[in-house]
Amino acid sequence: MNYLIIDNIIKDALKEDIPNEDISTNYTISESSVSTIELLCKEEGIIAGLEVFKRVFYILGKVEVTLYKNDGDRVYPKDKVAFLRGNTRNILKGERVALNLLQRMSGIATLTNLFVQEIKDSDTKILDTRKTTPNLRILEKYSVRVGGGNNHRFNLSDGIMLKDNHISACGGIKKAVELVRSSASFVRKIEVETENIEMVKEALEAKVDIIMLDNMDLETAQKAVSIINKKAITEFSGNVSLDNIKQISNIGVDYVSIGALTHSSKILDLSMKNLVNITD
């Protein structure tokens with residue numbers, strides 16, 4: 001992970017939670033107080049973001065974090081995930097920010113892994129999207145990888161994808177692709193979003209590298225895959241769920257992109273409990 005970016009995320013989160021001071025903690029806990037506390041899991045899932053959790057307390061200072069698990073491990077209720085020892089004030093100040101980030105990241109990894117396991121016997125791969133929480137994309141896309149998924153483009157500078165509005169603005173797929181090829185380096189792949197068979201045929205004629213089958217019903221998508229016939233990489237997108245992911249993979253697409261991995265995942269329930277004051 002890029003700690004220059006991660007540290008800025010954490011510092012911004014701490015500023016949001018502690019704009020001036022933690023008055024509850026400062027009014028009740030002495031500056032010299034030292035305590036221990038455990039990080040516990042309350043439900044089954046895939047853990048992700050432990051180094052980010054640890055980094056919160058590194059930034060606050062005077063707190064040692066011992067990790068009992070690694071990112072990607074499956075955790076269960078009552079599992080001890082980490083042990084913290086250090087300045088009580090800093091433990092309490094960092095608790096909510098550290099948990100928020102860890103729970104969010106673990107929830108994404110857990111949901112991603114559910115999709116991955118559903119199609120583990122196929123060649124289809126699971127992708128994320130750019131439907132991420134503003135300023136948390138680096139953490140959320142990392143969590144998708146921890147869960148066994150793959151990353152689509154990270155940002156608008158990361159790859160060429162001609163979506164419906166690009167195509168409409170240019171007057172069609174052929175024209176849009178011609179404009180791209182007149183400006184882009186030959187090493188860049190071109191992906192085009194298609195909504196029907198005619199658009200698929202137009203994308204093939206334009207010799208694009210990746211064809212997205214967007215919000216197609218399975219019968220149409222199956223026909224599109226047959227027409228494409230490995231002449232381009234195929235990506236299915238739209239209305240994907242755990243209930244239909246197997247059916248989608250069975251039509252033979254190379255990738256399935258799922259916005260829900262990052263915009264609708266439930267957090268993994270974790271908590272910091274059993275604080276013991278050990279001040280000498």
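Here is a walk through this predicted model, from the whole chain to a sheet and then a single helix. As ground rules, residues are numbered from 1 along each chain as its sequence is written. Local features need pLDDT of at least 70, side-chain atom pairs count only at pLDDT 80 or more, totals for chains, interfaces and linings use all residues, and side-chain values use heavy atoms, leaving out hydrogens and water.

Let's start with the overall picture. The chain has eleven helices and twelve strands, taken as DSSP runs numbered from the N terminus (helices are H or I with at least four residues, strands are E with at least two). Along the principal axes, the C-alpha atoms fill a box of roughly 75 × 40 × 25 Å. Of the 280 residues, 48% are buried, where buried means under 20% relative accessible area, exposed means over 50%, and partly exposed lies in between (1.4 Å probe, protein chains only). Among contacts (heavy atoms within 4.5 Å) with a separation of 6 or more, 70% are between residues 24 or more positions apart.

Now to the sheet. Four strands form an open, antiparallel sheet in the order E3-E5-E1-E12. Strand E3 (63-67) and strand E12 (270-277) each have a single partner strand, so one side of each is left without a neighbour in the sheet. Neighbouring strands are turned by 20 degrees against each other on average, direction ignored. Pairing here requires at least two DSSP bridges between two strands; E1 (residues 34-41) and E12 share six, and Thr36 stands opposite Val276 in E12.

Two helices lie across E1, E3, E5 and E12: one is H3 (residues 50-60), at about 165 degrees to E3, and the other is H4 (residues 88-118), at about 160 degrees to E12. These angles run from 0 to 180 degrees between N-to-C directions, with axes fitted to C-alpha atoms, for helices over the stretch in contact.

At the start of H9, a side-chain oxygen of Asp217 comes within 3.1 Å of the backbone nitrogen of Glu219. Just after H9, Asn229 has a positive phi of about 50 degrees.

Methods. A polar contact is a pair of N or O atoms within 3.5 Å; within protein, one must be able to donate a hydrogen and the other to accept it, and residues adjacent in sequence count only if both atoms are side-chain atoms.
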